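Hi,

Here is the structure I promised to pass on. Have a look at it first, and then read my notes on what turned up.

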Amino acid sequence: MSKAETTERDVAEAGEQLSTAPKEELPTSGGPALGVTGWIRWFWRQLTSMRVALILLFLLSLGAIPGSLIPQNNVDDMKVRAFKERHDVLAPLYDKLQLFDVYSSVWFSAIYILLFVSLIGCIVPRTWQFAGQLRGRTPAAPRNLTRMPAYATWRTEADPEEVREAALSMLRARRFRAHTAGDAVASEKGYLREVGNLVFHLALIVMLVAFATGQLFKSEGGKLVIEGGGFANTLTQYDDFRSGSLFSTDDLAPFSFRLNQFTGTYETSGPQRGTPRTFEADVSYSEGGGERRRGVIRVNEPLEVGGSKVYLIAHGYAPVVTVRDGKGRVVYQSAVPLLPIDNNVTSTGVIKVMDGYRDKNGKKVQLGFPAFFVPTYAGKGQGQMFSQFPALAQPALNLGAYQGDLRVDGGLPQNVYQLDTSKMTPFKDAGGQIFKQTLAPGETMTLPGGAGSVTFEKDIKEWASFQISQQPGNGLALAGGVAAIAGLAGSLFIQRRRVWVRAVRGDDGVTVVEMAGLGRNESAKLPEELAGLAATLHTVAPTAPEADEADERAEK
């Protein structure tokens, strides 16, 4: 055996069990066949290796990209339908690849489960092996310490036992696990590196469990509330609602809230004109029928109640409109929420009168009024009717008018902000055009033919849209994320290393001290640390004088 091979073998033996990583075994091409059991064992070792775990983690991240870019059925089925209408070629392909249901697809679930199994199969044997290392002792010093990456030696007149005792005390004071083995002291430090590695793997499992818990038990819904209106956390109160496959309506937290007032202020001048300065909803809420409390919901500052979070996500205006029939009777009066279409809160929507109205012949008829609202009107003849500022400086409401069948009784879902005119007839003005009129607050639009009137009341309410979310896995995911970062930092920045100190009496009666260090990975810090330890030990066991100096002292 060559000297290089001997050195490599000694270093390998000295560094045994510095890591809990399993030894990789590859199937040999020239040897006997592995058989079914052998191949299963080999496949399991590959699946539970760090390399495959990282590959699966990368694939999971890669697979989540379509879920962020392509509309999902469980998030917004309206967007999915719109996407399918616009992309006749891509939509069937996406359907086959389950790209509209990424997180519940077969391929994403397969990657998820394989990663989960891989991490568990990786961490369990490592944990047991590491526990065994903690119960055991550092291996005794190798025969030839000069072959270690870091090495120091000197001769001293101190006794070997005295040197070993001093080395043992010094190493333990530096938080090394040390013990005397024969003519040397063996010590080891940096176990937190492996602890960090195990914590990192365990944290990934916790995050996967948190993600699964959140997907299976989550609930999320939206609700538009007008000032003075409220919300109770029951399924029928939501405008839209989505939940995980294992969620039950019994899990909805019993709470309610009322929107007292919405406050929005904006920059009035400069390049930031129109930018929101204040955007908050003043609410009263109670949990489980208890005492009502006041709270303020701002953007990114949700109200936490009953294990749920109530987020403020949108805002708009709801003009109060009164509709009268030809005899002057009020058939409709309500604040009508309209949806903003630009940053200055230019808004559109529909006023629908479904019941109570009769025409001049006494026949039941439904009315529809397409509405276009601007909080700050530039004035007639000042271009298109778009708002100049998001606040209520000079509000105006433009209305059209239709009569007939709104088609709301057909059993099919209908967008409340759009008007289906397929079975409706527009009112016409004197010129034969569709009847329209722009109103200021307090003004009334009289319908042609004595059909009634529509009044734009001076009271203009504001509305706020809330998202109510219940994510049971969020806290677990946060804890897993923090633990993963801490574990990764420990595994990257802590070095596990061994230090040996040998003290033996030489043939001339002088003690020979040898110190050597070995780390799991090569690092410039190990020789520096060994030099520091050697300097400390040297104060107890200083270098012996050379032979000539010793003779001169003896003669004197």
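H3 passes H6 in a left-handed crossing (left-handed if the near helix is turned anticlockwise from the far one by less than a right angle, right-handed if clockwise). Helices (H or I, at least four residues) and strands (E, at least two) are DSSP runs, numbered from the N terminus. Before I go on: this is a predicted model, where local features need pLDDT of at least 70 and side-chain atom pairs count only at pLDDT 80 or more, while totals for chains, interfaces and linings use all residues. Residues are numbered from 1 along each chain as its sequence is written, and side-chain values use heavy atoms, with hydrogens and water left out.

Back to that pair. H3 covers residues 50–69 and H6 residues 106–135; they pack at an angle of about 150 degrees, with their axes 9 Å apart. Axes here are lines fitted to C-alpha atoms, for helices over the stretch in contact, and angles run from 0 to 180 degrees between N-to-C directions. H3 and H6 are therefore roughly antiparallel to each other (angles under 35 degrees count as roughly parallel, over 145 as roughly antiparallel, 65 to 115 as roughly perpendicular and the rest as oblique). On the H3 side the contact is made by Ala53, Leu56, Leu57, Leu59, Leu60, Gly63 and Ala64; H6 brings Trp107, Phe108, Ile111, Tyr112, Leu114, Leu115, Ser118 and Leu119. Contact means heavy atoms within 4.5 Å.

Next, helix H7. After H7 comes Arg175, with a positive phi near 65 degrees.

Which residues of H7 are buried? They are Pro160, Val163, Arg164, Ala166, Ala167, Leu168, Met170 and Leu171, where buried means under 20% relative accessible area, exposed over 50% and partly exposed in between (1.4 Å probe, protein chains only). These residues pack against strands S1 (150–156), S2 (177–181), S3 (184–189), S22 (497–505) and S23 (511–519), and against helix H10 (525–540).

Those five strands form an open sheet in the order S1-S23-S22-S3-S2, with antiparallel pairing (two strands pair if DSSP finds at least two bridges between them). S1 and S2 are the edge strands, each pairing on one side only. On average, neighbouring strands of this sheet are turned by 15 degrees against each other, direction ignored. H7 packs on the sheet, touching S1, S2, S3, S22 and S23, and its direction makes about 165 degrees with that of S22. S1 and S23 run antiparallel and are joined by seven bridges; Ala150, for one, has Gly517 in S23 as its bridge partner.

How do H7 and H10 meet? Their axes come within 10 Å and cross at roughly 135 degrees. That makes H7 oblique to H10. The crossing of H7 and H10 is right-handed, and the contact is made by Val163, Ala166, Ala167, Met170 and Leu171 of H7 with Leu533, Thr536, Leu537 and Val540 of H10.

S15 pairs antiparallel with S14 (residues 347–353) over seven bridges, and Ile351 stands opposite Phe369 in S15. Four bridges join S15 to S16 (residues 396–400), also antiparallel, with Phe373 partnered by Leu397 in S16. S17 (residues 402–404) pairs with S15 in the antiparallel sense over three bridges, and there the bridge partner of Gln366 is Gly404.

There is also an open sheet of four strands, in the order S5-S7-S8-S9 and with antiparallel pairing. S5 (230–232) and S9 (293–298) stand at the edges with a single partner strand each, so one side of each is left without a neighbour in the sheet. Here neighbouring strands are turned by 30 degrees against each other on average, direction ignored.

**One glycine**

Finally, Gly221 sits in strand S4 (residues 219–226) and is buried, with a relative accessible area of 1%. Gly221 and Gln467 are 246 residues apart in sequence, yet 5.7 Å apart in space, C-alpha to C-alpha. Not counting residues up to four places away in sequence, Gly221 touches Tyr238, Asp240, Phe241, Phe466, Gln467 and Ile468.

Cheers
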